[in-house]
Amino acid sequence: MHFRNTFSYNNLDRMQALKDEYSKLNENYFGLPSSTTNPFDTELVSKIIFDLKNGKAADVVGLTSEHLLLSHPVLRVILSKLFNVIFQCQHVPIGFKYSYIVPVPKIKDCRNKAMTCSDFRAIAISPILCKVFEYCLLDRFDNVFKTCDTQFGFKKGLSCNHAVYAVRRIVESSVRNGSTVNLCAIDLSKAFDKVNLHALFIKLMKRNIPVKFLRLLENMIFVSYSCVKWANIQSDFFSVMYGVRQGSVLAPFLFAIYLDDLSGICNSDRGRFIIAYADDILLISFSVVDLEKLLHFCERELNWLDMAINSKKSCCLRIGPRCDAVCANITTLTGHVLPWTSEIRYLGVFIAQAREFMCVLDDAKCSFYRAANAIFGKVGRLASEEVTLQLIKTKCIPMLLYGLVACPLKKTQLSSIDFVINRFFMKLFRTSNIEVVKYCQEQFGFELPSSTLARRTKVFLDKLRQCDNSVIKMLCT
């Protein structure tokens, strides 16, 4: 019942207004002509199938990517013809609309907190044939899904590291000139689940997408069906008339289009920036007054979209020479006050209030210890040291170094992450002698996190110079 109620509108009046506006625009919509009537061929379908990741969960009827990969080659010919018929009719099979939801915990520490339904994220497992079809649409109509360069989410060659690096360069260049930068991290309430589909299609119509493509998306998205699966228990199916399914191929790209007009609000000439990665939005301004104005501009756009800001999880922070100065409260249009905090979390990286851009590593080290102790508690002394260290290297080191290639670390911080590994070696080999620890690390070829980070940072910066994103190019000059 919880997930069924989650896929709904925020405001009844706004929902009805968007529905009326959509109906009015849809009556006389023509759009750009479609380039071809049969956009999908066997070569494209074969490429998509070969690129599918294996080992993923089966869909609602038990099919996986391995079924398609190991099937007879004639299946790709049949699928290409089926996809062309679907495109011409603008109608998808009813089986494409059925999925099941797997609740995934949002919080990391599930032991120290009593979890509620709100602490779970609904991840949809879509039909594998629908995924192949959506990948084909994404390949043939990639120009439709282009968004502003301040949106870093779900773009080829871009990652969370690029968004964090953009924030870092903006802050560092401003602090170097003697300014104090004000940041505001906005959290949207149930962002993917609350997408108003009428507003989404209004945005798509403003892009003049072909009518056939628009009608096809309408048929795919407007009404779908889902159920909740927990262990081996499955609920009844219910209709989903709002939101885009997290786990769907097109969902992140449609969501980026949904919020794309937010990027047009910022003005770098006035010292105002909006850096976004999907629904993780960070507002940057050199003035507290401008920051509040930028927040209000975003709120108006979000209100038009029938999206709500979660004021309990949104907060502000200052970086620069006057970072500890008392400032006026930032207030939303609804009267909620966003607090000034000592650190904010953006894309998994904790940014601290300081005189210069600096990240906090406490959460990363806690995540490492939690994962390492869980592995050590399972394998204990049963597995060999080689197996244990390989598990640590593949499962725990990424948690420790997540996002740090885009952040400047001091020598003390580099020493602190090396100390985490040294302590684990002391526990594994039952020694307190650092010389013995270094010898063991050398014999097992285990690289310290500081060395790994230096190597990865160099690779990241080298690739950064070849990035086509205009924001990254501007900041790297």
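These are my notebook entries on a predicted model of one protein chain.

**Entry 1: the whole chain**

I began with the overall picture. The protein chain has 477 residues, and for that length a compact globule would have a radius of gyration near 23 Å; I found 25 Å here, which agrees. Along the principal axes, the C-alpha atoms fill a box of roughly 75 × 60 × 45 Å. I looked up the secondary structure next and got 17 helices and 14 strands.

How much of the chain is buried? Buried residues come to 49% of the 477.

**Entry 2: strand S4 and its partners**

Which strands pair with S4? I found three of them: S1, S6 and S5.

S1 covers residues 98–105 and S4 covers residues 224–230; they pair in the parallel sense over four bridges. Looking along that pairing, I saw Tyr-100 opposite Cys-227 in S4.

S6 (residues 238–240) runs antiparallel to S4, with three bridges joining them. Here Tyr-225 has Ser-239 as its bridge partner.

S5 (residues 233–234) is also antiparallel to S4, joined by two bridges. I noted Trp-230 with Ile-233 as its bridge partner in S5. S4 and S5 make a hairpin with two residues between them, and Ala-231 in the turn has a positive phi of about 60°.

Is S7 buried or exposed? Six of its six residues (272–277) are buried, so the strand is largely enclosed by the rest of the structure.

I then asked where the side chains go. In a regular strand they alternate between the two faces of the sheet. In S7, Arg-272, Ile-274 and Ala-276 point one way, while Phe-273, Ile-275 and Tyr-277 point the other way, and all are buried. I made a note that Arg-272 is in that buried list.

The partner of S7 is S8 (residues 280–285), which pairs with S7 in the antiparallel sense over six bridges. One of the bridges has Ala-276 facing Ile-281 in S8. S7 and S8 form a hairpin with two residues between them, and Ala-278 in the turn has a positive phi of about 60°.

**Entry 3: helix H9**

I moved on to a helix, H9, at residues 211–221. Eight of its eleven residues are buried, so H9 is largely enclosed by the rest of the structure. Which residues are they? I listed Phe-213, Leu-214, Leu-216, Leu-217, Glu-218, Asn-219, Met-220 and Ile-221.

**Entry 4: Leu-409**

Leu-409 lies between helix H13 (385–401) and helix H14 (411–429). Why does Leu-409 count as buried? Its relative accessibility is 18%, and buried means under 20%.

What does Leu-409 touch? Leaving aside neighbours within four places in sequence, I found Leu-409 in contact with Cys-359, Leu-361, Leu-404, Leu-414 and Leu-453. I also checked Val-360: Leu-409 and Val-360 are 49 residues apart in sequence, and their C-alpha atoms are 9.5 Å apart in space.

Note on methods
Residues numbered from 1 in each chain as written. Predicted model: local features only at pLDDT ≥ 70, side-chain atom pairs only at ≥ 80, totals over all residues. Heavy atoms only, no water. Rg over C-alpha atoms; globule rule 2.2 N^0.38 Å. Buried < 20%, exposed > 50% of the residue type's maximum accessible area, 1.4 Å probe, protein only. Pairing = 2+ DSSP bridges. Contact = heavy atoms within 4.5 Å.
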